[in-house]
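Hi,

Here is the structure I promised to pass on. Have a look at it first, and then read my notes below.

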Number of protein chains: 2
Amino acid sequence: MNQDISPLELRKQIRSGEFSGNTSGYAKGYVQGNLCILPADWANDFLQFCQLNPKPCPLIGLASKPGDFNLAKLGADLDIRTDLPSYRIFKDGELQREVNDISDYWRDDLVSFVLGCSFSFEEALIADGLEIRNVSEGVNVPMYRTHIDCAEAGRFSGKMVVSMRPMLPSDAIRAIQICTRFPAVHGAPIHFGDPDLIGIADINTPEFGDAVTIRENEVPVFWACGVTPQVVLEQAKPPFCITHSPGCMLVTDLPNSQLAIM
Amino acid sequence: MNQDISPLELRKQIRSGEFSGNTSGYAKGYVQGNLCILPADWANDFLQFCQLNPKPCPLIGLASKPGDFNLAKLGADLDIRTDLPSYRIFKDGELQREVNDISDYWRDDLVSFVLGCSFSFEEALIADGLEIRNVSEGVNVPMYRTHIDCAEAGRFSGKMVVSMRPMLPSDAIRAIQICTRFPAVHGAPIHFGDPDLIGIADINTPEFGDAVTIRENEVPVFWACGVTPQVVLEQAKPPFCITHSPGCMLVTDLPNSQLAIM
């Protein structure tokens with residue numbers, strides 16, 4: 001399939017079942033987002049958690065009210081119930097099943113949150129000539145639990161999860177400059193160098209994603225990661241929750257450049 | 001003496017001989033600059049060298065024409081011949097003497113260059129709550145020759161000199177963000193971590209300035225340094241040249257914040 005498809009056309013093909021699988025690499029230049037859907041009586045705590053932890057949980061879209069499934073600011077003719085290739089249904093923090101359409105699970109009290117994801121800043125880094133190891137090796141970015149506490153909000157608390165991309169120091173400096181422009185997609189790295197300083201025991205054994213090669217003279221560079229809210233949700237165990245399946249994101253009409261603050 | 005003195009008043013006291021010694025810490029909030037004065041037939045090469053090497057040689061002021069000693073854009077009633085506490089006179093690249101006034105050496109063919117200095121970005125980092133080790137230990141910043149070639153311009157060429165400030169990685173990330181706003185005072189660091197990668201054999205033995213403590217978990221962070229043009233000038237051996245003496249800078253009327261590009 002043509003990767004240069006527009007976000008609107010891609011969402012239509014996902015809705016009709018013509019497109020399935022990972023959205024990574026499609027509709028280049030447009031923001032893709034992580035999805036989290038919670039009942040209204042849990043939504044305020046989660047909103048507060050996002051506001052207190054903007055680096056792992058950068059909020060780029062929020063339903064206008066409980067039951068809203070359009071999130072019109074994120075895209076034309078968008079339906080959050082059908083426009084992602086795959087969803088995960090959780091009950092009491094336990095994964096129940098994966099589905100391609102959540103229309104049957106929809107309720108008038110559900111509140112949808114869309115969070116920025118690293119695809120946007122990886123695209124900006126690659127456009128600048130930097131190599132992103134997980135992209136060039138064709139694997140998922142390695143992710144690790146840290147000992148860094150997120151700020152607590154109501155029933156939500158937990159440790160920050162980070163993603164890691166190895167770089168030469170001079171490239172890491174450039175990456176820090178570029179990512180600083182994009183706070184809505186995790187922003188600047190939170191650490192580089194010694195993994196032990198943030199509670200990572202073995203850099204070659206990520207807890208999520210895949211290990212990547214770290215070459216001589218490279219240092220690991222760590223970004224706050226969108227898996228953080230998923231881990232926090234599993235701990236908080238809300239009675240009902242829906243998320244996207246890993247890699248199967250909401251593709252929005254927002255150009256990545258629109259997330260740049262300067 | 002009151003460190004909160006205005007730049008104009010400080011220049012007057014320097015001119016009258018009432019103030020002598022280092023300008024560091026005086027007229028806080030205002031840009032201090034490195035001075036280099038060359039004969040007109042060497043000035044174009046040096047101007048090109050600065051333009052090709054903006055990180056070690058960020059030009060913040062240039063005489064309007066040969067013989068101009070006012071550089072009016074940098075300060076009211078400024079006289080570059082009398083308003084620095086100490087000058088160095090070079091002949092054929094050799095230091096001849098240090099003087100407090102260069103009026104007797106002035107010629108109609110001399111062109112004055114003023115280059116940004118690290119005082120401005122150190123002030124911005126300290127204002128943000130970061131510790132600058134050379135400041136807290138009350139010594140000169142450690143500086144090192146590297147194996148990094150500057151871009152050649154006419155008779156000027158040589159290796160880049162860098163300054164080093166040790167920091168925790170998270171502070172180094174913040175420092176990169178802040179210094180990126182100040183390209184006119186060396187801008188973002190050019191390297192962090194392993195000194196050997198840029199040709200520094202022993203981090204504890206700086207070639208200029210003083211060694212500082214590097215604490216556990218800190219990494220050395222390296223900035224392009226204003227000593228670079230001095231080393232390059234010594235190699236090029238122009239028949240005549242005047243610079244400021246180390247620490248005895250031109251204090252301008254420009255607020256440091258005016259150098260911020262964003």
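Predicted model: local features only at pLDDT ≥ 70, side-chain atom pairs only at ≥ 80, totals over all residues.

Let me begin where helix H5 of chain A (residues 169-180) packs against helix H5 of chain B (residues 169-180). Their axes are 10 Å apart, at an angle of about 70°. Angles of 65 to 115 degrees count as roughly perpendicular, so H5(A) is roughly perpendicular to H5(B). The crossing is right-handed. On the H5(A) side, the residues involved are A:Ile173, A:Ile176, A:Gln177 and A:Thr180, and they meet B:Ile173, B:Ile176, B:Gln177 and B:Thr180 in H5(B). Sorted by type, the residues of this contact are four nonpolar, four polar and no charged.

Next, helix H1 of chain B, which spans residues 7-16. Which of its residues are buried? They are B:Pro7, B:Leu10, B:Arg11 and B:Ile14. Looking down the axis of H1(B), you will find these buried residues within an arc of 100°, so they line one face of the helix. Their cover includes two strands of chain B, S1 (30-39) and S11 (250-255). Just after H1(B) comes B:Gly17, with a positive phi of about 90°.

Finally, take A:Val111, in strand S5 (residues 110-116) of chain A. Is this residue buried or exposed? A:Val111 counts as buried because it has 22 C-beta neighbours inside 10 Å, and the cut-off is 20 or more. Leaving aside residues up to four places away in sequence, A:Val111 touches A:Ile37, A:Leu38, A:Ala40, A:Ala43, A:Ala63 and A:Pro66.

Notes: Residues numbered from 1 in each chain as written. Chains lettered and ligands numbered in written order. Buried ≥ 20, exposed ≤ 12 C-beta atoms within 10 Å, placed from the backbone. Helix = DSSP H or I, 4+ residues; strand = E, 2+ residues; numbered from the N terminus. Arc of directions from axis to C-beta. Contact = placed C-beta atoms within 7 Å. Axes fitted to C-alpha atoms, helices over the stretch in contact; angles between N-to-C directions. Parallel < 35°, antiparallel > 145°, perpendicular 65-115°, else oblique. Left-handed = near helix turned anticlockwise from the far one by under 90°. Nonpolar A, V, L, I, M, F, W, Y, C, P; charged D, E, K, R; others polar.
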